[in-house]
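My notes are below, in the order I took them.

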Amino acid sequence: MACVSGSHAMLCGAMRTNLPQKRRQVIEGAGLLIGITAFMWLIEAINALVGGERLDKWGGIHARNIGDLWSVFTSWFLHANFSPHLLDNTIPFLFMGAFIAFHGARRLAAVTVIVIVVGGLGTWLISPSNVYTVGASGVVFGYATYLFARGLFDRNILELLVGVIVGLVWGAALVSSVVPHQGVSWQAHVCGAVGGVVAAYVLASRSRRQVGDGGSGGSAVPDSDPLKEHHDALDRLLSR
């Protein structure tokens, strides 16, 4: 790339600096996504070795059981079997997760944690008693709704296009999965989807959530917003 003096030279220098940073960000995001996927497959291998449902019963969500509330953090990584359960979750998990991982490991981790917490607590509250819930499908739903909602909150055409692509590829399967089926937790799917919308709002870019027509110099989050302090902290963390 040829550069000239003055402001154009400064812009060119910034672009050269940002390219390695972006490449590292993508690599770190992809590494985390692959690492999470590998961890789920490792856990299922251990589960198969120790007797099939032993880990599922131990780490699955048992609704409204205070003593098992911690399972909201473990149930998403457990599956009933390799195929079809784990395999069917892995494919959309990687597909949708890749779009999020493009923005780095911090963004992927933040979305995943928010979806797990919101979706897990919701599943723990509304699932039927005397059953346990396992599987990453709730996270998949959270990733999907995050990608749908992110473009709306960020007011970004490219991000809206990503949401459209996800809807075209997986929309029918996602919609059918919230219809009650025997042995399928629609509660985890719906609550995971809610978690994705929450993640999209909480992590929305401040620079694009403008108030009115304030322009680039205006406040992205109004001072009256009770979450303003949290938005500011997240922006500083995710922009590093």
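These entries go from the overall fold to the spaces, then to contacts and backbone.

**Ground rules.** I am working on a predicted model, in which local features need pLDDT of at least 70, side-chain atom pairs count only at pLDDT 80 or more, and totals for chains, interfaces and linings use all residues. Residues are numbered from 1 along each chain as its sequence is written, and side-chain values use heavy atoms, with hydrogens and water left out.

**Fold.** I looked up the secondary structure and found 8 helices and 2 strands. Helices here are DSSP runs of H or I with at least four residues, strands are runs of E with at least two, and numbering starts at the N terminus. The order along the sequence is α-α-β-α-α-β-α-α-α-α. The chain has 240 residues, and 40% of them are buried. I use buried for under 20% relative accessible area, exposed for over 50%, and partly exposed for in between (1.4 Å probe, protein chains only).

**Core.** I then went to the largest nonpolar core, which has 33 residues. Such a core is a set of buried Ala, Val, Leu, Ile, Met, Phe, Trp, Tyr and Cys residues joined through side-chain atoms within 4.5 Å. F93, M96, V111 and Y143 touch the most other members. Helices α1, α3, α4, α5, α6 and α7 each supply at least two residues of this core. The top contributor is α5, with 8 residues.

How much space lies in the largest pocket? I noted about 960 Å³. A pocket is an open set of points on a 1 Å grid over the protein atoms alone, with protein on both sides within 12 Å along at least five of seven lines; a cavity is a set where a 1.4 Å probe fits but cannot get out; lining residues have an atom within 4 Å of a point. Points are joined across faces, edges and corners, and a volume is the space filled by probe spheres set on them. The largest pocket is lined by 35 residues, and H85, G183, V184, S185 and H189 are the closest to its centre. Helix α3 gives the most to this lining, with 7 residues. Other elements that each supply at least two include β2 (132–133), α5 (137–154), α6 (157–177) and α7 (186–202). By type, I recorded 17 nonpolar, 15 polar and 3 charged residues. Ala, Val, Leu, Ile, Met, Phe, Trp, Tyr, Cys and Pro count as nonpolar, Asp, Glu, Lys and Arg as charged, and the others, Gly among them, as polar.

**Cavity.** I found 1 cavity of 30 Å³ or more. The lining is I36, M40, W76, F77, F93, T112, I116, A136 and V139. That makes 8 nonpolar, 1 polar and no charged residues.

**Salt bridge.** I looked for a side-chain nitrogen of Lys or Arg within 4 Å of a carboxyl oxygen of Asp or Glu. There is 1 salt bridge. It joins R150 and E159 at 3.8 Å, N to O.

**Aromatic pairs.** I counted 6. The rings of Phe, Tyr and Trp (its six-membered ring) pair if their centres lie within 6.5 Å; planes under 30 degrees apart are stacked, over 60 edge-to-face, and the rest tilted. W58 and W70 have ring centres 5.1 Å apart and planes at 45 degrees, so this pair is tilted. W58 lies in α2 (residues 54–59) and W70 in the loop between β1 (61–62) and α3 (82–101), so the pair ties together parts 12 residues apart in sequence. W58 is exposed at 53% relative accessibility, and W70 is partly exposed at 33%.

**Backbone.** The peptide bond from S83 to P84 is cis, with omega near 10 degrees. P84 lies in helix α3. R64 is not a glycine, yet has a positive phi of about 55 degrees. I placed R64 in the loop between β1 and α3. N130 also has a positive phi, near 65 degrees. N130 sits in the loop between α4 and β2 and is exposed, at 84% relative accessible area.
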